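Here is a short briefing to read alongside the model. Keep the viewer open and follow the points one topic at a time.

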Amino acid sequence: MKGATFGEVFAVKEFRVLFGSFALMIGGDQIKMLALSVLVYTQTGSPGLSAAAYMAGWLPYLLGGLLLLSLADRIPARGLMVAGELVRAVTCLLLAYAGLPVWAMLTLVVATGLFSPVFLAARNAMLPEVLPGDAFVLGRSVLTMVSAGAQIAGMAAGGAFLAFAGPSSALAATAAMAVVAAAVLRSGLPYQPARGAAGPGPVRPAGAAGPGAVRQAGAAGPGAVRQTLRVNRRLLADGPVRGLLLACWLPCVCMAGAEAMVVPYLGGEGEAGVVLAAAAGGMAVG
């Protein structure tokens with residue numbers, strides 16, 4: 001039986017849309033976190049607050065993934081993905097030009113980031129639907145590679161923006177990228193009803209975003225938080241699944257803490273983008 005090819009994967013329009021918007025999202029997030037960390041360090045001179053600003057984009061994934069992921073099966077996927085891009089655009093513009101104090105900037109990033117796992121789960125859940133069988137494996141590998149490439153590009157672009165235009169311009173560029181990604185998703189993906197709208201279905205992982213991305217029983221079923229907690233418990237009780245999740249989580253935990261200290265270690269200069277891009281380059285080679 002002939003396996004799928006990369007050419008066949010990219011021949012699927014919906015995958016090309018997911019691919020392009022994913023690259024914009026990853027690159028934009030790298031610019032945003034780097035710019036925010038530099039902005040906070042410039043205002044406060046505090047390495048701790050600068051590291052907290054860098055981590056603020058990731059910490060909400062813990063709560064959002066623990067409590068909210070079932071929303072990805074209760075709301076149409078295209079609308080969720082578009083909403084996620086628009087939320088990121090508005091957040092970046094507020095960070096860049098609203099003149100918020102540091103505590104307000106961190107609060108804004110954490111509050112809006114709570115729903116980031118839901119937006120990402122909707123994207124990941126669509127992938128096996130547009131790429132069945134062997135094509136899904138190739139599609140996932142392509143997205144993994146583009147993730148590393150987008151991180152490199154995002155860090156390099158972020159460093160350039162910081163060196164020549166400052167953190168506010170870098171955040172504005174991220175907002176522009178998010179608007180472009182929203183337009184690509186809105187025009188390139190067909191409307192589909194929420195996965196839970198058709199009634200009860202099997203409980204299964206809905207993507208690689210985290211431990212609770214699952215196909216739910218329906219919009220009229222249990223509350224989103226209760227349903228997410230229930231399926232998280234089922235996934236964590238499965239030994240092989242639990243091992244795979246830990247293999248994904250633990251390296252990220254160690255890397256994130258080190259990355260968060262790069263900006264204050266280098267004194268808030270644009271060179272942080274080069275150092276962080278080198279880390280992403282090593283991941284791509286690996």
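Helix α8 covers residues 134-164, and its 31 residues should span 45 Å at 1.5 Å a residue; the end C-alpha atoms are 45 Å apart, so the expectation and the model agree. Please keep in mind that this is a predicted model. After α8 comes Gly166, with a positive phi near 95°.

- α5 has 21 residues and reaches 31 Å from its first C-alpha to its last, close to the 30 Å expected at 1.5 Å a residue.
- Gly99 follows α5 and has a positive phi, near 65°.

**The chain as a whole**

- The protein chain has 13 helices and zero strands.
- Of its 286 residues, 47% count as buried.
- Among the contacts in the protein chain with a separation of 6 or more, 79% are between residues 24 or more positions apart.
- The accessible surface of the chain comes to about 13000 Å², and carbon and sulfur atoms account for 72% of that surface.

**What α6 packs against**

- The buried residues in α6 are Val102, Ala104, Met105, Leu106, Leu108, Val109 and Gly113.
- Which helices do the buried residues of α6 pack against? They pack against α2 (13-44), α3 (47-56), α4 (60-67), α5 (77-97) and α7 (116-130).

**A buried network of charges**

- The count of salt bridges comes to three, and Asp29, Glu85, Arg88 and Arg123 are linked in a network of them.
- Arg88 forms a salt bridge with Asp29, where the closest N and O atoms are 3.6 Å apart. Arg88 lies in helix α5 and Asp29 in helix α2, so this pair ties together parts that are 59 residues apart in sequence.
- Glu85 forms a salt bridge with Arg88, and here the closest N and O atoms are 2.3 Å apart. The side chains of these two residues also make a polar contact, at 2.3 Å. Glu85 and Arg88 both lie in helix α5, three residues apart, or about one turn of the helix.
- Arg123 and Glu85 meet through their side chains in a salt bridge of 3.4 Å, N to O. Arg123 lies in helix α7 and Glu85 in helix α5, so this pair ties together parts that are 38 residues apart in sequence.
- Arg88 is buried at 11%, and Glu85 is buried at 2%. Both Arg123 and Glu85 are buried.

- Leaving aside residues up to four places away in sequence, Glu85 touches Ser21, Met25, Arg123, Ala178, Ala181, Ala182 and Leu185.
- With neighbours within four places in sequence left aside, Arg88 is in contact with Met25, Asp29 and Ala178.

**A nonpolar patch on the surface**

- Leu236, Leu246, Trp249 and Leu250 form a nonpolar patch on the surface, with about 340 Å² of accessible area together.
- Which helix gives the most to the nonpolar patch? Helix α11, residues 239-260, gives the most, with three residues. Leu250 lies in helix α11.

- Pro193 lies in the loop between α9 (167-188) and α10 (224-237).
- Pro193 has a relative accessible area of 53%; the cut-off for exposed is over 50%, so Pro193 counts as exposed.
- Pro193 and Pro76 are 117 residues apart in sequence, while their C-alpha atoms are 5.1 Å apart in space.

Methods
Residues are numbered from 1 along each chain as its sequence is written. This is a predicted model: local features need pLDDT of at least 70, side-chain atom pairs count only at pLDDT 80 or more; totals for chains, interfaces and linings use all residues. Side-chain values use heavy atoms; hydrogens and water are left out. Helices (H or I, at least four residues) and strands (E, at least two) are DSSP runs, numbered from the N terminus. Buried means under 20% relative accessible area, exposed over 50%, partly exposed in between (1.4 Å probe, protein chains only). The expected span of a helix is 1.5 Å times one less than its number of residues. Patches are made of residues with over 30% relative accessible area and no salt bridge: like charges are joined within 9 Å, nonpolar side chains (Val, Leu, Ile, Met, Phe, Trp, Tyr) within 5 Å. Accessible areas come from the Shrake-Rupley method with a 1.4 Å probe; for residues, only the protein chains shown count as cover. A salt bridge is a side-chain nitrogen of Lys or Arg within 4 Å of a carboxyl oxygen of Asp or Glu. Contact means heavy atoms within 4.5 Å. A polar contact is a pair of N or O atoms within 3.5 Å; within protein, one must be able to donate a hydrogen and the other to accept it, and residues adjacent in sequence count only if both atoms are side-chain atoms.
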